[in-house]
Amino acid sequence: MARVVTITSGKGGVGKTTTTANLGTALAMQGAKVAVIDADIGLRNLDVVMGLENRIVYDIVDVVEGRARLRQALIKDKRLPELCLLPAAQTRDKDSVTPDDMVALTDQMRADFDFVLVDSPAGIEGGFRNAIAGADEVVIVTTPEVSAVRDADRIVGLVEAAQKGPPRLILNRIKPKLVGRGDMLSVEDVLEILAIDLLGTVPDDEAIVTSTNRGEAAVFDTQSQAGRAFLNTARRLAGEDIPLMAITEQQGVFGRFLGIFGRKRA
Amino acid sequence: MSLEQQRMSDLVSIKGGRDGIRMTLDAAAPWDDLLKALEYQLDQSGAFLSGAKVTVDVGDRPVTDQQLAAMLALMQQHAVQPESLVASARESRNAARSAGIIARPVPARPLTQATGPEAEALFLGKTLRSGQVVQFAGHITLIGDVNAGAELIAGGNVVVWGRLRGVVHAGALGDRTSMVCALELTPTQLRIADLITRPPAGKSGGVPEYARIENNLIVVDPWIKR
């Protein structure tokens, strides 16, 4: 029986799609059967980030409207046979699918997978409501910026109002140098505002740019700090008790982070 | 408050309770003056009143169809829709009925006050997140945080046992004796009655603080043993 996990953020561009691709890949690397759903209908990206764009024949709207069976639309990953993508439609919009459709779709997938990850579009409108409709749990991605955190706070309220239980947080693109100088919100600052459990912290890493452009998840790259952080986050999502990794700079370790991470483990 | 403003709010007083908002019009003043005072009050607290269940109390003054129509038109301009008219004169009640409003006789006992220490209060035990708004005609007590992007609007006082970082408006119906207090008083904007202030840049003193009006200014002080 799969757990349906929706990855959302409110604000755009904070790394929802990258997070979904990496968590999905990491879970599959650890042997779980994983499906990732791109719920961003009309602005599909997850296929590109996973390097599966040229394999799309059917999409989520084809499945919902009955033109294709789910099995036909699911695309197997290039490397991991246990990882599947259900792509979004590019030529349609968010209104092509209703929340009820999403509940039916995710329910249909539960039996065949251990994890169903839903990549939500930005915003709080229909697309977001579709994305969380079938979710058992919600993960919110934010960056340490005041505007992103403000939107995340709004999303926490909406997720709670939708009775999806308390969401968990992934703090993405942390720049230790800026935090050290006091020019960026720290993990502690963000948790103080949002007051939800922390699932993972991911450092800002240029390797992400190359990996998303190449269509290969960063978790394959053992040299990438962000890749390792996503791998740990995925293991935490799977229920393992992994301490938060210290986010380091080239020069050394930030002891301040170590202190925080020891206490605020999700 | 200027003498003129004082007179305006004497002519038309706005109070609220659990069953809605009541506007009481002075029983003796000329109707035109009342309308002027009403317009002033609507300008002041229109945002609070719009969409609210409003009862208009005209006391024992006889109100004609034309007078009532003028008043309703004025309220409509401010998006305020009165639900019922309280009047002891039969003529007034007839005017209300023909305008499609519920007419009620003056109750024997006055309703509980919305402002002042005796007003009703709303208790909330949760954190208000960005985009969430709580509006209440009496006092509001909240245990939790009010995050930036959230709004708390009360006819009376506001007490927050937590961090107050959103927008807060106490005395939103015009009561200048209202106050706001919070364990951490760092609102985006603080309003009491018709005054608005922004907190100075930088962190707060790290102690509970309270805000109230003194000499036409919103004054914030630490909450210390007094």
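Biologist: Where is the place of Thr106(A) in chain A?
Modeller: Thr106(A) sits in helix 5, residues 99–110 of chain A. Helices (H or I, at least four residues) and strands (E, at least two) are DSSP runs, numbered from the N terminus. Bear in mind this is a predicted model, where local features need pLDDT of at least 70, side-chain atom pairs count only at pLDDT 80 or more, and totals for chains, interfaces and linings use all residues. Residues are numbered from 1 along each chain as its sequence is written, chains are lettered from A and ligands numbered from 1 in the order in which they are written, and side-chain values use heavy atoms, with hydrogens and water left out.

Biologist: Is Thr106(A) buried or exposed?
Modeller: Buried, because its relative accessible area is 2%. The cut-offs are under 20% for buried, over 50% for exposed and partly exposed in between (1.4 Å probe, protein chains only).

Biologist: And what does Thr106(A) touch?
Modeller: Leaving out residues up to four places away in sequence, Val4(A), Ile37(A), Val116(A) and Gly134(A). Contact here means heavy atoms within 4.5 Å.

Biologist: Switching topic: how many aromatic pairs over all chains?
Modeller: One, from a search of the whole structure. Tyr210(B) and Trp223(B) are edge-to-face, 5.1 Å centre to centre with 80 degrees between the planes. Rings of Phe, Tyr and Trp (its six-membered ring) pair if their centres lie within 6.5 Å; planes under 30 degrees apart are stacked, over 60 edge-to-face, the rest tilted.

Biologist: Where are Tyr210(B) and Trp223(B) in the chain?
Modeller: Tyr210(B) is in strand 15 (residues 209–214) of chain B, and Trp223(B) is in the segment after strand 16 (217–222), 13 residues apart. Tyr210(B) is buried at 10% relative accessible area, while Trp223(B) is partly exposed at 41%.

Biologist: How many disulfides over all chains?
Modeller: Zero (a disulfide being a pair of cysteine sulfur atoms within 2.5 Å). As for individual cysteines, Cys84(A) is buried at 11% relative accessibility, and Cys181(B) is buried at 13%.

Biologist: OK, the interface. How many residues from chain A and from chain B does the contact take?
Modeller: 11 residues from chain A and nine residues from chain B. The area buried between them is about 830 Å², with carbon and sulfur atoms giving 35%. That area is the accessible area (1.4 Å probe) that two parts lose on being put together, summed over both.

Biologist: How many salt bridges between chain A and chain B?
Modeller: Four, each needing a side-chain nitrogen of Lys or Arg within 4 Å of a carboxyl oxygen of Asp or Glu. Arg163(B) and Glu192(A) meet in a salt bridge at 3.9 Å, N to O.
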